[in-house]
Amino acid sequence: MEFFGAAERKEINDVLETGILFRYNHEAQRNNIYKAREFEAEVAKLVGANYAHAVSSGSTAVLCALAAAGIGAGDEVIVPPFTYIATVEAVLMAGALPVFADIDDTLCLSADGIRKAISPKTKAVCLVHMCGQMADMDAIMAVIQENNLVLVEDAGQAMGASYKGISTGLWGKTGAYSFDFFKIATAGEGGIMVTNDETAYKHADSYSDHGHDHIGTNRGMEQHPIMGFNYRISELHAAVGVVQTRRVPEIIQRNNIHKTQLLSALGQVPGLSFARIPDTNGDSATFLNLLLPDTETAGRVIAELNAAGVGGFNYWFTNMYHFINQWTHLKNMHTAAALPIEKFGAPQDYNNLDIPNAQAVVGRLISFGIRATWTTDEVDALAANIEAAVRKATLVEA
Ligand SMILES: *Cc1c(COP(=O)(O)O)cnc(C)c1O
């Protein structure tokens, strides 16, 4: 949600001029304009994927990623308790059963947490790279391989981040990114599923369009090897996504400059530390993630930040919908996605989960979205405001 300009307008205009807002077929009228395909090619190039498939949202991209990885009815899928709720909903929509495991100071699932949550029914891990940074991949891949699990990555918040040079989304069978309005690049709404596996790609391509095989040029004569649903992206959304994706390397570069400046200004402030980033070279730097010594102190820092009119959000004291404590509907899971979980037998007591680190870490976290468009002075001012808030909040009751 950083920049929009003439380039986005031109791409949209290309589509409007042909009048073909549908991504498939209509070869005679579309003047060879295929924005969804271009969008997919841009994302594949950005992250180094063999295949990318654009869909209507990040949420449906996670669902397609799960379905294409072979996750289905009754499978247990390990998920984090700190993520956007869409991850859990996507598991339910796939017919699978979410099992919550613990996270660590990377803000992502930990290898230990995953290990403890594994049961004989565990099929997959849906790993979420939270707040712009990646999980501790060496340790995670070890537990995935030891236990022969399928890895699906929800990189809704971490497109462009990497670990040891390999992008989010490409560590397991399939991965997903979001292009909603709040993400590093936006198409208004939209999402992309990525994979290096041709079979998984073809499955997602059919699944997201009622099972169409997309062979030939006559939609009415296509085969439907599977059932799916409509998760298609429109050409208008894809047109914006094309340009936004091209902007990502510059956004990441600028974000990293700002984040380095913030970290060096705040590095010596007593009581302040930062979420661990296993490979700082691969940080997308879309967030500055502060950790305070405890939840109470974080609450006081938030109060000071609010009083000073400075941004920053905490997932514990607000209803940001990213942490399990806010998901009261888990207790009876009667959403649209409420596939008959009781019929399968709930794999866990969702009211009584064993996730001590998540409960400890999330309360201590205060995150700031980093904006590529900031000036050096704006970054300095933010650092000064954060330092002042932390110093005031940690002096109280000293
Ligand atoms: C934003 C987000 C999604 C959902 O993306 P939408 O495009 O809003 O549907 C899924 N997972 C995570 C981790 C997200 O941050």
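Which residues point one way from β5, and which the other way? Val150, Val152 and Asp154 take one side, Leu151 and Glu153 take the other, and all are buried (under 20% relative accessible area, with exposed over 50% and partly exposed in between, using a 1.4 Å probe and protein chains only). Strand β5 covers residues 150-154, and since 5 of its 5 residues are buried, it is largely enclosed by the rest of the structure.

Some ground rules before going on. This is a predicted model, where local features need pLDDT of at least 70, side-chain atom pairs count only at pLDDT 80 or more, and totals for chains, interfaces and linings use all residues. Residues are numbered from 1 along each chain as its sequence is written, and side-chain values use heavy atoms, leaving out hydrogens and water. Helices (H or I, at least four residues) and strands (E, at least two) are DSSP runs numbered from the N terminus.

Now look at the neighbours of β5. Strand β4 (residues 122-128) runs parallel to β5, joined by 5 bridges; strands pair if DSSP finds at least two bridges between them. Here Val128 sits opposite Asp154. Strand β8 (residues 174-178) also pairs with β5 in the parallel sense, over 3 bridges, and there Ala176 is the bridge partner of Asp154.

Elsewhere, there's an open sheet of 3 strands, ordered β10-β11-β12 with antiparallel pairing. Its edge strands, β10 (273-274) and β12 (365-369), each pair on one side only. Strand β11 (residues 287-291) is joined to β12 by 5 bridges, with Leu291 opposite Leu365.
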